[in-house]
Amino acid sequence: MEKNKTTALLLCIFLGTLGVHRFYEGKIGTGVLYLLTGGLFLVGWIYDIIRIAKQSNPYFVEKK
């Protein structure tokens, strides 16, 4: 599924500790996990900022 990379990155930067970018990507399970743990204690949040920034455009979300 194609998503907007800029939107995903902005959601991650500003609301990433709440898991909003994960919900946007359709990853509900990890979204709830981020919501309950503060972005996996900020480590997962920082990792996701880097991961999304390095993705090519168009931004494709891999469903597992």
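How many helices and strands are there in the protein chain? I started my notebook with that one, and I counted four helices and two strands. A reminder to myself: this is a predicted model.

**Entry: order of elements**

Next I read along the sequence to see how the elements follow one another. The pattern I wrote down for the protein chain is β-α-α-α-α-β.

**Entry: overall dimensions**

I looked up the radius of gyration and found 11 Å for the protein chain. A compact globule of 64 residues would have a value near 11 Å, so the two agree. I also boxed the C-alpha atoms along the principal axes, and they fill roughly 30 × 20 × 15 Å.

**Entry: contacts and burial**

What share of the contacts with a separation of 6 or more comes from residues 24 or more positions apart? I got 56% for the protein chain. Then I turned to burial: of the 64 residues, 31% are buried.

**Entry: surface and charge**

The protein chain exposes about 4100 Å². For the charges I noted 8 positive and 4 negative ones. How far apart are their mean positions? My entry says 3 Å.

**Entry: the end of H3**

I found Leu40 in helix H3, and its phi is positive, about 55°, although Leu40 is not a glycine. Is Leu40 buried or partly exposed? Its relative accessible area is 32%, so I put Leu40 down as partly exposed, between the cut-offs of 20% and 50%.

Phe41 came next. Helix H3 covers residues 28-41, and Phe41 is part of it. Is Phe41 buried or exposed? I read a relative accessible area of 67%, and because exposed means over 50%, Phe41 goes down as exposed. I also checked Phe41 against Thr17: they are 24 residues apart in sequence, while their C-alpha atoms are 8.1 Å apart in space.

**Entry: into the loop**

Where is Leu42? I placed Leu42 in the loop between H3 and helix H4, the latter being residues 43-54. Leu42 has a positive phi of about 75°, and Leu42 is not a glycine either. With a relative accessible area of 42%, Leu42 is partly exposed.

**Entry: what I keep from this stretch**

- Leu40: positive phi of about 55°, partly exposed.
- Phe41: in helix H3, exposed.
- Leu42: positive phi of about 75°, partly exposed.

Definitions and conventions: Residues are numbered from 1 along each chain as its sequence is written. This is a predicted model: local features need pLDDT of at least 70, side-chain atom pairs count only at pLDDT 80 or more; totals for chains, interfaces and linings use all residues. Side-chain values use heavy atoms; hydrogens and water are left out. The radius of gyration is taken over C-alpha atoms; the globule rule is 2.2 Å times the number of residues to the power 0.38. Buried means under 20% relative accessible area, exposed over 50%, partly exposed in between (1.4 Å probe, protein chains only). Contact means heavy atoms within 4.5 Å. Accessible areas come from the Shrake-Rupley method with a 1.4 Å probe; for residues, only the protein chains shown count as cover. Lys and Arg count as positive and Asp and Glu as negative; His and the chain ends are not counted. The place of a charge is taken as NZ of Lys, CZ of Arg, CG of Asp or CD of Glu.
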